[in-house]
Amino acid sequence: MSKEPVAVVGIGQTKHVAARRDVSIAGLVREAAQRALDDAELTWADIDAVVIGKAPDFFEGVMMPELYLADALGAVGKPMLRVHTAGSVGGSTALVAANLVAARVHGTVLTLAFEKQSESNAMWGLSLPIPFQQPLLAGAGGFFAPHVRAYMRRSGAPDTVGSLVAYKDRRNALKNAYAHLHEHDLTLAKVQASPMLWDPIRYSETCPSSDGACAMVLTDRAGAARAPRPPAWMLGGAMRSEPTLFAGKDFVSPRAGKDCAADVYRQAGIADPRRDIDAVEMYVPFSWYEPMWLENLGFADEGEGWKLTESGVTELDGDLPVNMSGGVLSTNPIGASGMIRFAEAALQVRGQAGDHQVDGARRVLGHAYGGGSQFFSMWLVGSEPPAS
Amino acid sequence: MTSEDVSGLRDVAVVAFAQSDTLRTTEEQSEVEMLMPVLHDVLGQTGLRTADIGFTCSGSCDYLAGRAFSFTLALDGVGAWPPLSESHVETDGAWALYEAWTKLLTGDADTALVYSYGKSSPGSLRDVLTRQLDPYYVAPLWPDSVALAALQAQALIDAGETDEPALAGIAARSREIANPRAQLRGSVPHGDYVVRPLRTGDCPPIGDGAAAVILAAGDRARELCSRPAWIRGIDHRIEAHSLGVRDLTDSPSARLAAERAGAFERPLDTAELHAPFTAQEVVLRKALRLDDSVRINPSGGALAANPMMAAGLARIGEAAARIHRGESDRALAHATSGPCLQQNLVAVLEGDPR
Amino acid sequence: MPEVLKAPLVVEFPFTRSLGPVQSAFLTGLRERVVLGVKTGDGRTLVPPVEYDPVTAEEIRDLVHVGSTGTVTTWAWNPEPRRGQPLTAPFAWALVRLDGADTALLHALDAPGPDAVHTGMRVRIRWAEKRSGAITDIACFEPYDGDDAEVTVHAGEFQDPVIGIVAPARLDYTYSPGRAQSAYIHALSDRRTVGERCPSCRKVYVPPRGACPTCGVATAEQVEVGPRGTVTTYCIVNIKAKNLDIEVPYVYAHIALDGADLTLHGRIGGIPYGQVRMGLRVEPVWTEGGRYPDHYRPTGEPDADYDTYRELL
């Protein structure tokens, strides 16, 4: 028996900011969830199950916070499932929710991911001092910067490529009312003059720390037929994991990412992603990851991804727009960041992306990753239902 | 396919189960060192290797270890190469099994490896679990897990649903078992009050352990197991968080999950209940309508071994293993999460007619 | 087998929690010795007040003033109070339905002993002397045999409302890295770096974690690697990390020790940071009492050829 097609009929997110001091954790998630319900013109009673994700519980200091959030998310008397797959969790959470619909276990599912980083400090949560272990010598960016250098060495990319990505994403964010960073005065020269924190990564090429939540309502064909606005249809979705550290690991282009993309393309019947996909919303926490992921996801040959960035192909009005929302570089509530990517892909194919809409976007990829470049989750959504 | 489910869902079965000994401390082992033999055991039972598995899903909790992303290193024990289709839930592995079950239903995979583990020994579990509670009104008071269970027990006593001797009887029965993996068995003194009305004997042992199962769909299940434990239904429900708005003597979420899982459609012969405290068995027996004809917790349940995040998955595994061995034909397995049975999962497992 | 290591691990943070309107009103009320509940659509009064109706999921905002006296709905005697709990002497945990409320609030009840406590008993709030707008502004409940308090509508508005709380949390753990890592750390104390070889793929893991992550089998055969190695990649750190006393800029590098099949991380010294390069040959520099090499310095050998370490990059 074939799977039930899955449609996105409601999307909601909070205005992402450094600290939402006006709401509780419940209030934060509720705001995104309510907006998703409003978008779908549904009520709490229409939701059959809730699937929630976030990154480590230490960020808010609440162990398994879904227990406390059951009331706020209308889950009382319903199934509620909590997913945690590190930085990819926002994407994985959406895929777990989608499976509930695809398997015909439920008709309509609310999925949500959040992080309220202002409750603590992300670096504290990520680097609790473990006895006997050598302390991380370099802070957050120090983990990624050597891999960026390895990419530059392999590809021969000019060292300005990272600044082009940062400048593009921050300008895209100006068109997205929900984005955290709105740097109206930013220029390319300012990006290139910003302090070099972890050489080769500059300050303006790093992501912020945000409070935010993102929610989606997923439903079956019958639910999509009742939807007030055009749905986004899931054409393919996959997760792949590989170990944290191992002999032969390729941090620049991890095999788990390649395999994950290949699985999604197979499901969706994509033969040539560069030709068949209209736009990509990918998880780029440091600007250089745009060219790296363009190669990993098959949009460019190995060593060639930076050429797409440099030639303007990934601009909002380019041939393959990347990170139309402004991306993780402009908004980063860690646990929600993956779902925001998935939601942006869905907004695009629904034609609901407002000022950052890509004209005629019919098939858009949403991408998330996490851990030591080891956990990947992706979906491809389209404006038309799957063929079968 | 063994039988046509009314919903048209694909048939999925538990085909193998393995667990570690549950020990008060396992400090000589890292989490992966504790987990890996269990994974080898469960894979060995089916002859499968990691690369043969269609989907992998695990359950664990960072707060037990005191470290963020603790599950990422446990993945080393699986051998995730080539990369796996894999996911993780931050709760008991019973919910990882639920996620894997949905994955198999979609047809994307025919087999799944589900595992979970928990080491309670590094921290003070009673204090750690306070961090699950409402962070504004409750967690600042540090009410520990035994205290909350004791409030529930007293409510049951006040309602005339049980008394201390009856609870002592549940404690004794739970340890009069032959389960070699259990942490407590044989004659265990009922002890002094920990938080009255609960005595040491009413509380689960604190221990470290791991569990794993393999799921398979349709004919694949028959190939891998001579008598698969078919999942006839599985469902989970959550209740309001605040204890003060709930009726602690009842478990409407467990009842609803059981109803949705089809537990009430035909008689059961066995029930594996994840009731860490004696009084919670009283609540569950009522909610799940389990009478004396049903054998409760032949494994000893959570009162004999309660590895956090693995004890719920182990209930499903224990129930399935009895079906594999021909000791049960239709069993209910239950898992819980949260304070005072806030969230409950029920699975109904059946063996083919003999 | 060498002794397995263990050490204390303290996880402690003062979390800053913003409250939202309903919780802000309730906790500010406690500061002013006023207890507020919230009305649901069907007329129940929830105390403590929550933001969303647990039955209907509706947002609820209508605050009412309830009594500071109430009735115990269930209780449990706590003979040995634990760290952080409201009272240090033995007390009862109690769920108390305050007069005017339909739900119960969890707190401590100060009583001389379990025989003095029963379900249905009347109690009242004992206020903390110092109140800041937190659940601990209620010191505890105490037995009470007077009249019920009046219940009135309250706008929930106060001067200088509390909009956030600081919730310190400390948990104490004993950390043990397990067998494989303990062996590695013991060897380091002799300034030797000892990895483990996978019996299946033969790769040498440093530090060993007990399992070969690609084969999923235990590693056991010990292999000494280094001390020299090759810088495979690096970054120049220009921003001072909070808990590290290292002058910036410095070079943080991935180093493949000779004989190891993956890199470990270290600082490069003894060379101007601008001259560090991929392929640089380095050796460890130890300081007295250091568990790990303080840094690595150039050996003076010619740089390693890119092809010799590209698989380790």
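**Chain A and its two interfaces**

Between chain A and chain C about 4,700 Å² of area is buried, with carbon and sulfur atoms giving 61% of it. On the side of chain A, the three residues A:Glu119, A:Phe132 and A:Leu137 supply 17% of the area that this chain buries against chain C, more than any other three residues. The structure discussed here is a predicted model, scored at ipTM 0.97 and pTM 0.97. For chain C, the average pLDDT is 94, and 97% of the residues score at least 70.

The contact between these two chains draws on 55 residues from chain A and 56 residues from chain C. One salt bridge is counted between them: the side chain of A:Glu119 meets that of C:Arg17 at 2.6 Å, N to O. Helix 1 (25-40), helix 5 (139-155) and strand 5 (196-199) of chain A each supply at least two residues to the side that touches chain C. Of the elements of chain A, helix 5 gives the most to this side, with eight residues. Sorted by class, the side of chain A that touches chain C comprises 30 nonpolar, twelve polar and 13 charged residues.

The interface with chain B can be described in the corresponding terms. Here 52 residues of chain A are in contact with 55 residues of chain B. The buried area is about 4,700 Å², of which 65% comes from carbon and sulfur atoms. The count of salt bridges between chain A and chain B is one, formed by the side chains of A:Lys3 and B:Asp108 at 2.9 Å, N to O. Polar contact across this interface involves 13 residue pairs, with both residues at pLDDT 80 or more. The elements of chain A that give two or more residues to the side touching chain B are helix 2 (66-69), strand 3 (80-83), helix 3 (89-102), helix 4 (122-126), strand 8 (232-241) and helix 9 (255-268). By class, that side has 30 nonpolar, eleven polar and eleven charged residues.

Chain A itself contains 14 helices and eleven strands. Its C-alpha trace spans about 55 × 50 × 45 Å along the principal axes. The radius of gyration of chain A is 19 Å, which agrees with the value near 21 Å that a compact globule of 388 residues would have.

Technical notes. Residues numbered from 1 in each chain as written. Chains lettered and ligands numbered in written order. Heavy atoms only, no water. Contact = heavy atoms within 4.5 Å. Buried area = accessible area lost by both parts, 1.4 Å probe. Salt bridge = Lys/Arg side-chain N within 4 Å of Asp/Glu carboxyl O. Polar contact = N/O pair within 3.5 Å; in protein donor to acceptor, adjacent residues only side chain to side chain. Helix = DSSP H or I, 4+ residues; strand = E, 2+ residues; numbered from the N terminus. Nonpolar A, V, L, I, M, F, W, Y, C, P; charged D, E, K, R; others polar. pLDDT = per-residue confidence, 0-100. Rg over C-alpha atoms; globule rule 2.2 N^0.38 Å.
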